[in-house]
Structure formats: structure tokens, C-alpha cells
Amino acid sequence: MGRKCRREPPSLEKACEVSVAELHQQVRSWPQEKLAELLLSCLGRDTDLLARVQREIVMARSPGAAVSRLKADIDNVLNVKFVEWNRVDAYVTRLEHVLASVVSLGKTSAREALGSALYFVERIPSIFDSVHCEDELGLFCDELVRETLKLAARERPMLRDTIARLLDAYMKDGHGQFNNVPERIAATSMNAEDREWLVGEVMRLRTKADDYRVRGLDELVGRIRKGRYVRKAHRPSKP
């Protein structure tokens with residue numbers, strides 16, 4: 001008869017469980033010295049965590065230094081030969097960590113963060129053939145587009161350039177990872193002048209698009225003209 005594994009009493013097993021809510025509560029109550037000791041002990045074993053901490057330190061120095069570091073980290077995370085199916089989740093998590101740092105920079109320096117986000121958009125197609133399962137990557141690309149447009153909404157002078165570059169990524173994408181670009185653009189707040197410019201830009205691109213992209217572009221124009229999913233930048237105040 002095979003040897004049975006020893007199982008701890010149910011009461012002890014339950015005592016070892018920690019809920020997310022309890023985890024947050026306890027960690028927030030710890031003194032700074034204890035948190036620092038725990039973080040420093042983890043940095044030597046977790047290269048992704050080390051990179052995140054280094055980014056935060058650099059971003060505190062200056063926006064210019066932050067952009068240089070973010071672009072270097074984007075290049076580094078995209079420097080892969082092939083990501084097997086059982087490593088996709090971990091790899092997408094690495095992409096999300098870099099994007100989180102871009103968003104964090106945007107809280108204090110939206111223009112610099114937007115430049116970094118657009119750099120990410122333009123560089124990420126280099127790995128579209130290097131990831132086994134493209135579904136998770138497509139979800140990340142959608143999040144990248146959304147965060148980029150949020151930053152552009154805060155830097156209004158750069159909105160048109162941002163939209164033009166996202167549409168360019170959509171037109172060049174042969175893997176479907178940027179399929180949601182038209183929908184995300186349609187959901188962006190624009191004034192009348194921006195909407196008029198966008199319709200002209202889309203009609204120009206339409207002459208170069210294949211049938212699939214023509215449908216996406218036509219849907220975008222239809223939504224813009226109907227005002228669907230688009231909030232006007234200036235609304236009359238209520239009396």
C-alpha cells in the first residue's frame with residue numbers, strides 16, 4: 001500500500017490562509033523599516049521587481065531621465081526570440097509592469113509619458129510573430145492604446161498626432177492586435193474641429209486600406225458623424 005501524505009488539520013490550514021483584504025491591511029500597517037527590509041530582500045531574487053524599483057528611482061530624478069529609462073526598458077522587454085505558450089502570461093505581466101510605469105509617469109509629466117507610450121505602440125509589432133498565443137498580447141495592446149489615448153486627452157495639442165500614429169499602427173498591423181484602435185478613438189473626447197480633422201484623415205487612409213480595415217474605418221467615421229461614443233469638449237452649462 002502506498003504511503004499517505006500527511007495532511008495538516010483543517011483548523012491549521014485555515015489559519016495559514018491570508019485574504020487579499022487582510023494582506024493589504026497588514027502590509028499598510030507595517031513600519032517603513034520592515035517594508036524596506038522586505039523589499040530589499042526581494043530585489044536580489046526578482047529581476048522584474050528590481051527593474052520596477054529602478055524605474056521609480058529614475059523617474060523621481062527628472063522627466064527626461066524617466067523617458068530614457070522607459071524607452072530602454074521597452075526595448076529590453078521586447079527583445080525576445082520566442083515566447084512559448086506556458087510563458088505567455090508571465091511575459092505579458094512584464095509588459096504590463098512597463099506600461100504601469102508609463103502611466104505612473106503620466107501623473108506628473110503627461111507629455112513625456114505620452115511620448116513613451118507612443119514609442120511602445122510603434123515598437124511592439126516587432127514581437128507579434130514571437131508570442132505563441134496572441135490573445136493575451138491582443139488584450140495588452142488594447143490596454144496600451146487606451147492608456148495612450150488617456151494621456152493624449154490630457155495633452156490636447158498632441159491629440160491629433162497621437163490619433164494619426166495609432167491609425168498608422170492599425171493600418172500596418174497584419175496580426176489583428178490593434179483591431180480595437182478605431183473603437184478606442186471613437187470613444188475619445190474631441191471638439192468639433194478635431195472630429196472634422198479625423199473624418200478627413202480617415203477618408204484619406206480609406207483609399208489605401210484593405211476590405212477589413214475599410215469596414216473598421218467606415219465604422220469609425222459613422223460613429224464620429226453621429227456623435228456616438230464621443231463627448232463634446234464644450235457643453236453649455238445648466239442654468
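Trainee: What share of the 239 residues in the protein is buried?

Mentor: Buried means under 20% relative accessible area, with exposed over 50% and partly exposed in between (1.4 Å probe, protein chains only). Here, buried residues make up 36% of the 239. This is a predicted model: local features need pLDDT of at least 70, side-chain atom pairs count only at pLDDT 80 or more, and totals for chains, interfaces and linings use all residues. Residues are numbered from 1 along each chain as its sequence is written, and side-chain values use heavy atoms, leaving out hydrogens and water.

Trainee: How many helices and strands does the protein have?

Mentor: Helices (H or I, at least four residues) and strands (E, at least two) are DSSP runs, numbered from the N terminus. The protein has twelve helices and zero strands.

Trainee: How do I read a helix pair?

Mentor: Two packed helices are described by the angle between their axes and the distance between the axes. Axes are lines fitted to C-alpha atoms, for helices over the stretch in contact; angles run from 0 to 180 degrees between N-to-C directions. Take α9 (residues 159-172) and α11 (residues 192-206): their axes come within 11 Å and cross at roughly 25°. Angles under 35 degrees count as roughly parallel, over 145 as roughly antiparallel, 65 to 115 as roughly perpendicular and the rest as oblique. So α9 and α11 are roughly parallel to each other.

Trainee: Which residues in α9 and α11 meet?

Mentor: Contact means heavy atoms within 4.5 Å. In α9, L159, R160, I163, A164, L167 and M171 take part. Their partners in α11 are E193, D194, W197, L198, E201, V202 and L205.

Trainee: What does I185 touch?

Mentor: Leaving out residues up to four places away in sequence, I185 touches L149, I163, L167, M190, L198 and L220.
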